[in-house]
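User: I'd like to talk through the pockets and the packing of this one before I set anything up. Can we go through it piece by piece?
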Amino acid sequence: MTNAVTPEILSLIDPVVSQLKRHQFNGAKDIALAISHLLMRVISAARWTNPYDLISVIRKVGVILIKAQPREIITGNIVRRVLALIRDEIETEDAENSTNTPMMNSMFSLLSTNNNHTDNKEQIQSKKQSSDLRSIIIQGIRDLIDEISNINEGIETMSADLIHDNEILLTPTPTSETVLQFLIKARAKRKFTVLVTENYPNDIQQAHKFVKTLADHKIETILIPDTTTFAVMSRVGKVIVGSNAVFANGGCMSASGVSNVVECAKEHKTPVFAVAGLYKISPLYPFNRDDLIEVGNSGKVLNYDDFKLIDNVEVVTNPLDDYVPPEHIDIYITNIGGFSPSFIYRIVLDNYDSEDNKLD
C-alpha cells in the first residue's frame, strides 16, 4: 500500500482543518477531543498491512493539521500521543512474536518447508495481526479521549490539599475552565478569597463571568485591575495559573499578562501553581518564543478613533499569549499528580516517542 494521504482521508480531515484555521474550537480541550476523534476515524479508514505505513499516514495528517493553526500546541501533542501509542503496540507485538517463534531444530526441517504454504499462512497471519492492531490502537485512543474528558476530576482531587482556610488566592487566567473547577472543588472543604485580574483588553467579559460563577458557589471573589497586582501580592498566599501548553523544559504558554503576575509573585516569594492536563504537556522546546505568541486586534489596546494619539505611536501590539519560564513556576498540578518544572521532561519521555518530535 502507498502511505500517501488518500482522498478518503482528506475528506475526513478537511472539516477539522477549516475549524482550526477559523479558530472555531472553544478552548484546548475541544481541540484535543476533536483531533482524537479524527485520528480514530483516520485509522479506521486507512488501509495498511505494515503498521509503519500507518505511522507514516498519521505523521502526514499531523503535518496538515499543525499547518492549519501553527501556534496551537495541543494539535501536535495529540498526534504525537497517538503515534507513541502505535509504536508501543508495535514493540509489544514484536517482543511477543520473538518469544513465540519456534526454533528450527535441524536444517532438514527448514529445507522441507513448503514455500507456497508458508507465504499464504504468513499473509493470513499478517491480515489478522493488522486487524487486531487496529482494534488495540482504536481502544487506546478511546482511553485517551476518556482521559481528556475527565481531566478536571484528576486535578480537582488535589485542590483541598493545596489550599488552606482563610487564604487569599490570585488568578490571572479567568478564561481557564480548569482553574475554575479547581477553585469550586476546593470550596467544598475550604473557605478562601480569590482575587481575579481583569486581563485587559482581551478577557474582561470572561473575567466578569468567571467572578460571577465563583460568587454563585459562595466563594468570596474580588475583581481587580491588572495595575494593582504588585500592590496586593504581599497579601496573596498562592497564585493559581491556567496553562495553554507546557513545554519539555518546564516553561508554559498562558494568557497575556500572566508573565507580569508571576514576576510580581517571584519578587514577593509567593508560590505559583500552574494547572494543566496531561494532554497539554508537549515534547517540544520553546526555542523561538516570539513565534509562539499570537497577536490579536490592536484596536482593543488603542482605539482607532483616537487618531491624534495613534499618529504619535509607531507600533501598537496586542499579544494574546505569554511565555512563562520554568523558574517562575513552583508546581505543575496535573491529572496524574503535582510535579516541579524540572520533572516535566520525565513525563514527556513516558508519553511521547522522540522519533515523532519532528513530524515532517
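User: How do the residues of the lining of the largest pocket divide into nonpolar, polar and charged?
Analyst: Bearing in mind that this is a predicted model, the lining of the largest pocket divides into 18 nonpolar, 19 polar and 10 charged residues.

User: And which residues lie nearest its centre?
Analyst: Of the 47 residues that line the largest pocket, N26, G27, A28, T175 and N244 lie nearest its centre, and the space in this pocket comes to about 1500 Å³.

User: Which domains does that lining draw on?
Analyst: At least three lining residues come from each of domain 1 (7–95 + 131–148) and domain 2 (152–350), while the elements that each supply at least two include α2, α4 and β6 (252–255).

User: OK, what volume does the second largest pocket have?
Analyst: Its volume is about 570 Å³, and among the 21 residues lining the second largest pocket, I66, P70, R80, L284 and N357 are the closest to its centre. The elements giving two or more residues to this lining are α3 and α4, and the lining divides into 11 nonpolar, 3 polar and 7 charged residues.

User: Switching to packing: how many residues has the largest nonpolar core?
Analyst: The largest nonpolar core has 45 residues, with I35, I58, V61, L65 and I78 making the most contacts inside it, and its largest share, 11 residues, comes from α2.

User: What is L65 in contact with, leaving aside neighbours within four places in sequence?
Analyst: With those neighbours set aside, L65 is in contact with V16, V17, L20, I35, L38, T75 and V79.

Notes: Residues numbered from 1 in each chain as written. Predicted model: local features only at pLDDT ≥ 70, side-chain atom pairs only at ≥ 80, totals over all residues. Heavy atoms only, no water. Core = buried A, V, L, I, M, F, W, Y, C linked by side-chain atoms within 4.5 Å. Buried < 20%, exposed > 50% of the residue type's maximum accessible area, 1.4 Å probe, protein only. Helix = DSSP H or I, 4+ residues; strand = E, 2+ residues; numbered from the N terminus. Contact = heavy atoms within 4.5 Å. 1 Å grid on protein atoms, 1.4 Å probe; cavity = no way out; pocket = protein on both sides within 12 Å on 5 of 7 lines; lining within 4 Å. Points joined across faces, edges and corners; volume = space filled by probe spheres on them. Nonpolar A, V, L, I, M, F, W, Y, C, P; charged D, E, K, R; others polar. Domains from an automatic or database assignment.
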